[in-house]
Amino acid sequence: MADWQFVVCNGCSGSGKGFVAELRLACPDVDVVETGCMSVCSDPVTVAAQGVGRASYVFSGIGADDLDDLKGFAAAYTAAPAGWIEDARPLGRLRFCLLTRIPALG
């Protein structure tokens, strides 16, 4: 398993619940967990990537059409030192769904 996880918002009447199963199939080496509202209700589904000692990313407006880009993100994030992806162009549409990228603590 990867040393990081995807976190999927299941707020907004559970709009992310079905997506969780699809993401788990698309990225079997990454833990995918659900959480309550991530306060991006204007543009569900919200997906975050986080890990100890790694940058955190928050994407919104994510759907089944983005699964291939999330697989690409997972590979780039795993390979990037401290999770900091310098060039987002290979991430396809995800780079336009990025709400924030937060450097690792410490």
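I looked up helix H2 (residues 17-26) and H3 first: they pack at an angle of about 50°, with their axes 10 Å apart. The model is predicted; local features need pLDDT of at least 70, side-chain atom pairs count only at pLDDT 80 or more, and totals for chains, interfaces and linings use all residues. Residues are numbered from 1 along each chain as its sequence is written, and side-chain values use heavy atoms, with hydrogens and water left out.

H2 passes H3 in a right-handed crossing.

Next I checked which residues meet. From H2, Phe19, Glu22, Leu23 and Ala26 touch Leu67, Leu70 and Lys71 of H3 (contact means heavy atoms within 4.5 Å). By class, I found 5 nonpolar, no polar and 2 charged residues in this contact.

Then I turned to the loop between E2 and E3, where I found Ser39. Ser39 is not a glycine, yet has a positive phi of about 60°. I looked up its exposure: Ser39 is exposed, at a relative accessible area of 64% (exposed is over 50%, buried under 20%, partly exposed in between, with a 1.4 Å probe and protein chains only).

Val45 also sits in the loop between strand E2 (31-35) and strand E3 (47-50). I saw a cis peptide bond joining Pro44 and Val45, with omega about 5°.

Last, I looked at Ala82, in the loop between helix H3 (67-79) and helix H4 (94-97). Ala82 has a positive phi of about 55°, although it is not a glycine. Ala82 counts as partly exposed, at 41% relative accessibility.

Notes. Helix = DSSP H or I, 4+ residues; strand = E, 2+ residues; numbered from the N terminus. Axes fitted to C-alpha atoms, helices over the stretch in contact; angles between N-to-C directions. Left-handed = near helix turned anticlockwise from the far one by under 90°. Nonpolar A, V, L, I, M, F, W, Y, C, P; charged D, E, K, R; others polar.
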